[in-house]
Amino acid sequence: MVNEPIPSFEELVYKFSAQLSAYLKRMTGNASDADDLLQETLVRIARGLPQFEGRSSVKNWAYRIATYVAIDFLRKKKKNDSREFDESEMATEFDEQDRLVLDEMNDCVRDVINGLPPDYRAALVLYNLQGKSVAETAEILGISQALAKVRIHRGKTRLKEALNKKCDFYTSDQGSLRCDRKNSNKSQ
């Protein structure tokens, strides 16, 4: 049992909204969807806070709620969904050619990540992008650590396989990693 004081809803919003928003953006790949999901997450936190028993940290509990909200959303919106990148998140030091190449690579990688099952995607985002430990990932997802390790491993394996099927990777003359989409016979 975690022995931390339970904050007020306002304190929770102040402490965790930015982190939850960034997490939801990574889960959905879309700032607008993430904003909507953050609102839903905050509503669920407000409803659940009076019953929160402190069996986990408040932060992990909030992440768990955000994860469930995101997974529900992703399952509903599974088919042929095009995602947008928020250009404000992109580095501004690139010239136009570098920006185009980076945008194309990001679109390709985001498409592959979006194609992963939501459970694997959540584990990968928490562990690899949010920097959570396996134990924290397991707690947030409400699964055992062994299952969290399996989801992370399988998610990475599926991601690698899908990237290799969809992208040709190479190093540019300047030493930068580049990729080109492979031609696909499927019409999407």
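Read along the sequence, the protein chain of this predicted model follows the pattern α-α-α-α-α-α-α-β-β. This comes to seven helices and two strands, where helices (H or I, at least four residues) and strands (E, at least two) are DSSP runs, numbered from the N terminus. Residues are numbered from 1 along each chain as its sequence is written. Because the model is predicted, local features need pLDDT of at least 70 and side-chain atom pairs count only at pLDDT 80 or more, while totals for chains, interfaces and linings use all residues; side-chain values use heavy atoms, with hydrogens and water left out.

Of the 188 residues in the protein chain, 40% are buried. Buried means under 20% relative accessible area, exposed means over 50%, and partly exposed lies in between (1.4 Å probe, protein chains only). Contact means heavy atoms within 4.5 Å. Among contacts between residues at least 6 apart in sequence, 63% join residues at least 24 apart.

The largest nonpolar core holds 45 residues. A nonpolar core is a set of buried Ala, Val, Leu, Ile, Met, Phe, Trp, Tyr and Cys residues joined through side-chain atoms within 4.5 Å. The members that touch the most other members are Leu 12, Leu 20, Tyr 23, Leu 24 and Ile 45. Two or more residues come from each of α1, α2, α3, α4 (96-114), α5, α6 and α7 (145-166). Helix α3 gives the most to this core, with 11 residues. Beyond its neighbours within four places in sequence, Leu 12 is in contact with Pro 7, Ser 17, Ile 45, Leu 49, Val 58, Trp 61 and Ala 62.

Helix α2 covers residues 31-48, 18 residues in total. From its first C-alpha to its last, α2 reaches 25 Å, close to the 26 Å expected at 1.5 Å a residue; the expected span is 1.5 Å times one less than the number of residues. At the start of α2, a side-chain oxygen of Asn 30 comes to within 2.9 Å of the backbone nitrogen of Ser 32. The buried residues of α2 are Asp 33, Ala 34, Leu 37, Leu 38, Thr 41, Leu 42, Ile 45 and Gly 48. An α-helix has 3.6 residues a turn, so residues three or four places apart point the same way. The buried residues of α2 pack against α1 (9-28) and α3 (58-76).

Ala 66 and Asn 60 are both examined in helix α3. Ala 66 is buried, with a relative accessible area of 0%. Ala 66 and Leu 24 are 42 residues apart in sequence, with their C-alpha atoms 7.3 Å apart. Asn 60 counts as buried because its relative accessibility is 6%. Leaving aside neighbours within four places in sequence, the contacts of Asn 60 are Glu 136, Glu 139 and Ile 140.

Ile 140 lies in helix α6 (residues 134-141) and is buried, with a relative accessible area of 0%. Apart from neighbours within four places in sequence, Ile 140 is in contact with Asn 60, Tyr 63, Arg 64, Thr 67, Leu 126 and Lys 132. The C-alpha atoms of Ile 140 and Leu 126 are separated by 8.7 Å, and these residues are 14 apart along the chain.

Helix α5 (residues 118-129) has the buried residues Pro 118, Tyr 120, Arg 121, Ala 122, Ala 123, Leu 124, Val 125 and Leu 126. Just after α5, Gly 131 takes a positive phi of about 75°. Arg 151, in helix α7, counts as buried because its relative accessibility is 17%. Neighbours within four places in sequence aside, Arg 151 is in contact with Asp 119, Tyr 120, Ala 123, Leu 141 and Ile 143. The C-alpha atoms of Arg 151 and Ala 123, 28 residues apart along the chain, lie 6.2 Å apart.

The structure holds two aromatic pairs. The ring centres of Phe 52 and Trp 61 are 4.8 Å apart and their planes are at 45°, so this pair is tilted. Rings of Phe, Tyr and Trp (its six-membered ring) pair if their centres lie within 6.5 Å; planes under 30 degrees apart count as stacked, over 60 as edge-to-face and the rest as tilted. Both Phe 52 and Trp 61 are buried. Lys 132 lies over the face of Tyr 63, at 4.1 Å from the ring centre; a charge sits over a ring if NZ of Lys or CZ of Arg is within 6 Å of the ring centre and within 35 degrees of the ring normal.

Definitions and conventions. Polar contact = N/O pair within 3.5 Å; in protein donor to acceptor, adjacent residues only side chain to side chain.
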